[in-house]
Amino acid sequence: MALTVQPVVQPAVSAPVGSLVDGSRRHILDLDDFAVEEMELVFTTTDAMQEVLGRDIKKVPTLRGKVVVTLFYEPSTRTRVSFEGAGKLLSADVINVSASGSSVEKGESLLNTVRTLQATGADVLVVRHHHSGAPYFIARHLERTRVINGGDGWHAHPTQGLLDLYTIQRHLGRVAGVKVVLVGDIVHSRVARSNLWGLLAMGAKVTLCAPPTLLPYEFLQGHYRQPGHPWASVEVEGSVERALEGADVVMPLRLQRERQQSGLLPTLREYSKMYGVDERRLARANPGALVLHPGPMNEGIEISPQVAHGAQSLIEEQVKNGVAVRMALLYLLLRPAAEGGKR
Amino acid sequence: MPARSWLIRGARLVDASTGMDRSGDLLLADGRVLKAGEAIREGDVPPGCAAVAGDGLVACPGFIDLHAHFREPGYEDKETIATGALAAARGGFATVCCMPNTNPPMDNASVVDYVLRRAREANLVRVLPIGCVTKGRAGRELAEMWEMAQAGVVGFSDDGNGVADASLMRQALTYAGGLGLPVIDHCEDPSLSQGAPVNEGWVSNRVGLRGWPAAAEEVMVARDIALAEVARGRLHLAHLTTAGSVELVRQAKQRGLAVTAEVTPHHLTLDERWVLGHDSEGPLAGPLMPWAYDTATKVNPPLRSQADTEALLQGLQEGVIDLIATDHAPQALADKLVTYDDAAYGISGLETAVGALLTLVHRGRLSLMTLVERLTLGPLRVLGGSYRELGTLRPGSPADIVLLDLDGEWVVRSSEFASKGRNTPLEGVTLRGRVVATFVGGQPVHSLLRDVQGEPVESAR
């Protein structure tokens, strides 16, 4: 596939994405359009939010009078609760809408639902949807309300990516040059995709390890090795033992049971034997290597209970950092013009 | 009272049936071509003849679209035969074959009769119905092909679905072959493509949508070529999209099989990167823009890789692919105003086809003569003998004519479409080359012309 020649007919539309640094960014849809300085700003702002979280009285008035709406079409514990918590700690009014119990159950379309939420005064809409691209569709049809992607299909989960990067930065002091190994269901993982963009932009060395049926086609076919390919620096390793050699960060991904039913794997048992991250395998990583997991975990399948709850596991800290990162993102997206934000 | 005769003076006449490409006059009278070529002396012009200046215009035989969806009966919110026929007229198509995935499906003579009646009422372009291969397009039993042929269908297709059962497909080819009609094959193995709205590859990976692999098309192309060989029928492969399919057709033709193939304007001129929503400067590697996942780019089969697009163009140039057909698939607005996964498939293509295809001519990728051939004689090879009068400027043939302004620039505005389907990925795009007039049976059914007195030429119907 040639990478440089343009289509015969050109699309007619164009618009800049903006940046959190000067307050011109309108939406957070994925990390593929985040500049390094933007991610660094998120990290320093998150540090400030950690300080707030450490206080006796955690609530600050920063976003008083702002309305944050969470709209979740898929079940979620971490993402929804941490956004709700983040909004409340910043004194925003937080309204939670889920597909069940709302007019979605009466068949209201996604478009009408989000336009209704905009009309009720939502300043920011945090959306989780099972269809890739839903937040892009929503962002195109809202003039006033900003959109944060809380996870869309297999495509992206940018706030998870940022909290993973933040957690690595906090513990290792850097992301650049760090060897990060993602193990498991890459092809269906929005967490893996968003992490890839963020990790590569920050200069991490990324290794993917998965059964070939769970690898994206690009990697399976070797297309990613073409010069100029954005993922050209990624390593792909079939053996988890070899993949973990010298790792600084290990990230097993959730393996959904449907993958076996759809014929991508013979059995979960075989997967666990081949790819499950246990203490024996973790020992091949660098001493003190960090273990991250985006949750929810299938303990005993992609990760052993000993590793999940062991000394190297940061899984609970990820959740805590998730609240601070989301506070930082809500603040940076909604901050008034006097503090660098443009309206 | 519309004029009974028309004189188009000094146009560039391009006719693939005779190889003519010259400047000259065109005289149409009583629904037929009277003269095409030499300058016509004033004395030879019939009284009451309407004259238009053809300077700067190309005149060629009216285009023939072998593959369009007019949605009637059953989905009149998406399109009707009247709106579809007007869209065809605007797009330069004098003849359109309409697909049977209506509701009820066109799997029996009554529905064929209904469609033909609605087409007569619309009285714009020639509408040639295509009947179902199987009852209800369900892929289980053959539809009553002979009776539909009596009613006027020009071929059989379960378009939208392939015929999954290989044995049934074989019988369909043999039976339709006995009627002298082709089976028009929608090549898709659904076990490989189910729920996959975009091409498998970088783009599907990038946007996190399930990928529709090239192999899902190619396994059916290969299977049905093998079946055509034993069935002794005529196989026409609809909307091919992959380099591998082009290669399979090339080999089949080398073996002398009765196989023809088509490609759509969108698969020739757009590629999968349109799903990413890049602007013209955006490299493949760039971030998704907020307008990524534009559901107007969702079409079945999907927009393919650039390598596929190149192979299709080459196949078209060489004649491995016989013809261009629009696969005009209008959809209601609400069916596209949803997430990419939920959106209906299809591009409303009749009104942009010629403008988009002329891009290839302007870039030197396709000669005008070849383009005209693939829009006239190509489809006639599939339609067979009964329609051989069409697609030519030879004196005596039906006066189906299209006039083109090759350099006329225009901006695609779906709100101005005659089609009810506003689903075009080309919204806002400037195209160079437009259809100035379409004549069917000697009368204008679409016209931006002015006569020699400077008065606008109204379309006759």
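## Phe43(A) and Tyr166(A)

Phe43(A) and Tyr166(A) are both buried in this predicted model. A search of the whole structure gives 9 aromatic pairs over all chains. One of them joins Phe43(A) to Tyr166(A), with ring centres 6.0 Å apart and an angle of 55° between the planes, a tilted arrangement.

The two residues come from distant parts of the chain, 123 residues apart. Phe43(A) belongs to helix α1 (residues 36-53) of chain A, and Tyr166(A) to helix α5 (residues 158-172) of chain A.

## A pair between chains

Trp231(A) and Trp202(B) make an edge-to-face aromatic pair, at 5.2 Å centre to centre and 70° between the planes. This pair crosses between chains: Trp231(A) lies in the loop between α7 (217-221) and β7 (235-236) of chain A, while Trp202(B) is in helix α6 (residues 202-207) of chain B.

Trp231(A) counts as buried because its relative accessibility is 1%, and buried means under 20%. Trp202(B), at 2% relative accessibility, therefore counts as buried too.

Both tryptophans are also members of one aromatic cluster, which is formed by Trp197(A), Phe219(A), Tyr224(A), Trp231(A) and Trp202(B).

## Charges over rings

In chain A, the charged end of Arg25(A) sits over the ring of Phe34(A), 4.1 Å from the ring centre.

In chain B, Lys298(B) lies over the face of Tyr345(B), and the distance to the ring centre is 4.5 Å.

Terms used
Residues are numbered from 1 along each chain as its sequence is written. Chains are lettered from A and ligands numbered from 1 in the order in which they are written. This is a predicted model: local features need pLDDT of at least 70, side-chain atom pairs count only at pLDDT 80 or more; totals for chains, interfaces and linings use all residues. Side-chain values use heavy atoms; hydrogens and water are left out. Rings of Phe, Tyr and Trp (its six-membered ring) pair if their centres lie within 6.5 Å; planes under 30 degrees apart count as stacked, over 60 as edge-to-face and the rest as tilted. Helices (H or I, at least four residues) and strands (E, at least two) are DSSP runs, numbered from the N terminus. Buried means under 20% relative accessible area, exposed over 50%, partly exposed in between (1.4 Å probe, protein chains only). A charge sits over a ring if NZ of Lys or CZ of Arg is within 6 Å of the ring centre and within 35 degrees of the ring normal.
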